[in-house]
Structures are given as structure tokens and as C-alpha cells.
Amino acid sequence: MTKQVMCGNVAIGGGAPISIQSMTNVSSTDEKELVRQISSLAAAGCDIVRVAVPDMEAAETLKKVKKQIAIPLVADIHFDYRLAVAAIASGADKIRINPGNIGDANRVREVVKAASERNIPIRVGVNSGSLEKDIIEKNGGVTAEGLAESALRNLRLIEDMGYDNLVVSLKSSDVAMNYHAHKIVSEGTEHPIHIGITEAGTIRRGQLKSAAGLSPLLLQGIGDTMRISMTADPVEEVIFAKELLAILGMAEGGVNIVSCPTCGRTKIDLQGLAEAVEKRMNEEKIAHNITIAVMGCAVNGPGEAKSADYGVAGGQGKGIIFSKGKIIKTTPEEHLLDELIGIIKADIK
Ligand code: SF4
């Protein structure tokens, strides 16, 4: 098990629930927009938000934003150690740096000193795009081994400065490389690991790559906090991260929806019903671990989906609502959705 660090009031590692992160994409100097976007992310289930800090004005803006948001904030810094120091002074709950691009050891030391004064974690983040030259030469290119070596080297750099309030991340947009690099790092450190597939792409591709790349890690217990990275509204990242954790049975209060592929027996608009159930469950923000089955027919529906907590199975112009394999009632097709949601809500409230 990894060590545990605290990012504001959110525990990372050491058996804590896997926290979901996202990153704002509005201007980092637009206080109002930042607060608006962070509030939307928090409402969607984001546990920790990251904000890019490209200049001093952005570092200053953090101070005002921090007073208006309810979730911990991570300042993302590249190149200039003074921005990291300023962001920490503005109240960042954690900072993300790549020591390799912050400058010499003295500059990194300044950041470590500021972080240690407030006892906030530093996320040491390395990317396949910014590996050290000597590591690339040694490995004959950018490799999983090289990525892991860079991460462990940069962790050691800060550990040797006497600070171990650390989280590590290593990211590649290459799913296989990402996987192997994480495997190596997880065997070489006890620090919590932030996982993600970087630059994963547009919504569909980003979801595919992230699911393919992160599920094998999560199922092996690798990953203490995660971000789905997509070219989209960041709220989509949070929704998908929640769904992925629910599918893997790792969510705190995640709804898992299963639906049959339909066949010649299907007599209702099952695709529409399954999509509507998914949408309503997201809107209702039900924070319970439940599985809902949306099945095309009553012949196999309740039987095939015996383990589901709730389910519907279609018939000709009507459907049945069942729970744990037992039929509760028969309902006209047009009322199936509302009846199902009503039964679930009445049960869990
Ligand atoms: S549940 Fe019924 S409709 Fe759906 S695939 Fe199975 S047999 Fe076909």
C-alpha cells in the first residue's frame, strides 16, 4: 500500500478512496470563470481541481479563487520556480511540478522549502515528452523504463532534500508504455501515484484510451488519484472517471448500468430507454453503489440480470420492473423510466 498524503481535506493513497481530479481550461486569471468552472466540476463529483499557473497574475488570482471554492486546488507549474512559491503563498493545497523543467537543484529547493512550510504535497510529474536527454540516450529513445527512471530520479531528488510529502505521476499518450512505466514505478516507490493517459484525445477516443490504459492499473491496485484527460469540457472528464470507477466496482456510491445488446426478441426502444436511465441517474446524483439492468425482454431479462439491484425488461408495449431477479410490477413502456427511478429513489432515501 502507498503512503498517505493530504491534499486539503482529501486523502490520497494509503487505502483512501481513489480521488477524481480534473483541470480547469478557462483563463487562469479570470476569477469569476474559474470559480464557476470549479463549482461545476465539484457538483459533477470532482474531488480535486488543478489550475495552470502560467504567470504571476494567475498565481495571485488563486488567492481570491481559493476563498470561493469548496474542493482542494492544485497549482500546475512549469519552468518558473517563483510561480510555484507564489502559488503556495496564495493557498494552493498541492503543487504539481516537473523538477526537470524547473531549473537547477537550488530552484527546486526553494519550491520544496515553501511547500514544507505549509506541509502541502508536491506532485512530481514527468511526461514522455519531456524526458531527460541522458535517459533517452541510455534507453535508445522514449521508453517505459526511461519514463519510470525519470520519475524515480526526480522523486529521489526531493527526498534527498528531506521532503517526502510527495505524489508521483508519469504520463504518456501511449497506452502500453504508460502501463509498463506505472508497473515499474509502483514497485519502486511507496509514494501515492496519480494516474492518467495524457493527451488522450476527443471524448470517444479519450474514453477508450483511458479505459484501456487505466483499468489494468486500477485492477492491480495501482493508482491513488486519477484524471481522465480529454479534449472536451472538463466536466466530461469527471463524469467518465466516476463511471469508470463504478464499472470497476471501485466507486464510492457509483451507479453501474448494464444493458443487453438487443436481439430479435426486443419489442421496445431499448437503446432509448438505456440512454434515458443513464442520463436520469447522472441527474439524480444518487450516491449509492447500485447496479441497474436494462434488458430487452422478460424471457431472459430478470434471469440474466439476477445480480442487478434493479432492472427493467421490455415486452410488447410494456415492461416489467424487477429487483434481484424478482418481478415487482408490470408497467406500460412510456412509464417504465419514471416508475423505475421512483422505485429506486423510494428505496434508497
Ligand atoms: S435480454 Fe432478451 S432482448 Fe436482450 S439480448 Fe437477451 S434475449 Fe435478446
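Which residues in α9 are buried? I opened my notebook with that one, keeping in mind that this is a predicted model.

**Entry 1: helix α9**
I found Gly206, Ser210, Gly213, Leu214, Ser215, Leu217 and Leu218 buried in α9. I then looked up what these buried residues pack against, and the list reads α8 (175-188), β9 (193-195), β10 (225-227) and α10 (234-247). The helix itself covers residues 203-219, which makes 17 residues. I checked its span too: from first C-alpha to last it reaches 23 Å, close to the 24 Å expected at 1.5 Å a residue. Just past the end of α9, I noted glycine 221 with a positive phi of about 80°.

**Entry 2: the whole chain**
I stepped back and counted 13 helices and 15 strands. The C-alpha atoms fill a box of roughly 75 × 45 × 30 Å along the principal axes. Of the 349 residues, 52% are buried. For contacts between residues at least 6 apart in sequence, I got 62% joining residues at least 24 apart. The accessible surface is about 15600 Å², and carbon and sulfur atoms account for 50% of that.

**Entry 3: around the ligand**
Next I listed the ligand's surroundings: Cys260, Thr262, Cys263, Arg265, Thr266, Gly296, Cys297, Asn300 and Glu304. I sorted this shell into three nonpolar, four polar and two charged residues.

**Entry 4: salt bridges**
How many salt bridges does the structure hold? I got 19, and I looked at a few of them.

Aspartate 164 pairs with lysine 3, with the closest N and O atoms 3.1 Å apart. Aspartate 164 sits in the loop between α7 (144-159) and β8 (166-171) and lysine 3 in the segment before β1 (5-7), so this pair ties together parts 161 residues apart in sequence. Aspartate 164 is partly exposed at 44% relative accessible area, and lysine 3 is partly exposed at 32%.

Arginine 36 bridges to glutamate 33, with a closest N and O separation of 2.9 Å. Both lie in helix α1 (residues 31-44), three residues apart, which is about one turn. I have arginine 36 down as partly exposed at 42% and glutamate 33 likewise at 28%.

My last pair was arginine 153 with glutamate 149, whose closest N and O atoms are 4.0 Å apart. They are four residues apart in helix α7, so about one helical turn separates them. I jotted down a reminder that an α-helix has 3.6 residues a turn, so residues three or four places apart point the same way. Arginine 153 is partly exposed at 28%, and glutamate 149 is partly exposed at 23%. Through shared partners, salt bridges join Glu132, Asp134, Lys138, Glu149 and Arg153 into one network.

Methods:
Residues numbered from 1 in each chain as written. Predicted model: local features only at pLDDT ≥ 70, side-chain atom pairs only at ≥ 80, totals over all residues. Heavy atoms only, no water. Near = heavy atom within 4 Å. Nonpolar A, V, L, I, M, F, W, Y, C, P; charged D, E, K, R; others polar. Helix = DSSP H or I, 4+ residues; strand = E, 2+ residues; numbered from the N terminus. Expected span 1.5 Å × (residues − 1). Buried < 20%, exposed > 50% of the residue type's maximum accessible area, 1.4 Å probe, protein only. Contact = heavy atoms within 4.5 Å. Areas by Shrake-Rupley, 256 points an atom, 1.4 Å probe, with all protein chains shown as cover. Salt bridge = Lys/Arg side-chain N within 4 Å of Asp/Glu carboxyl O.
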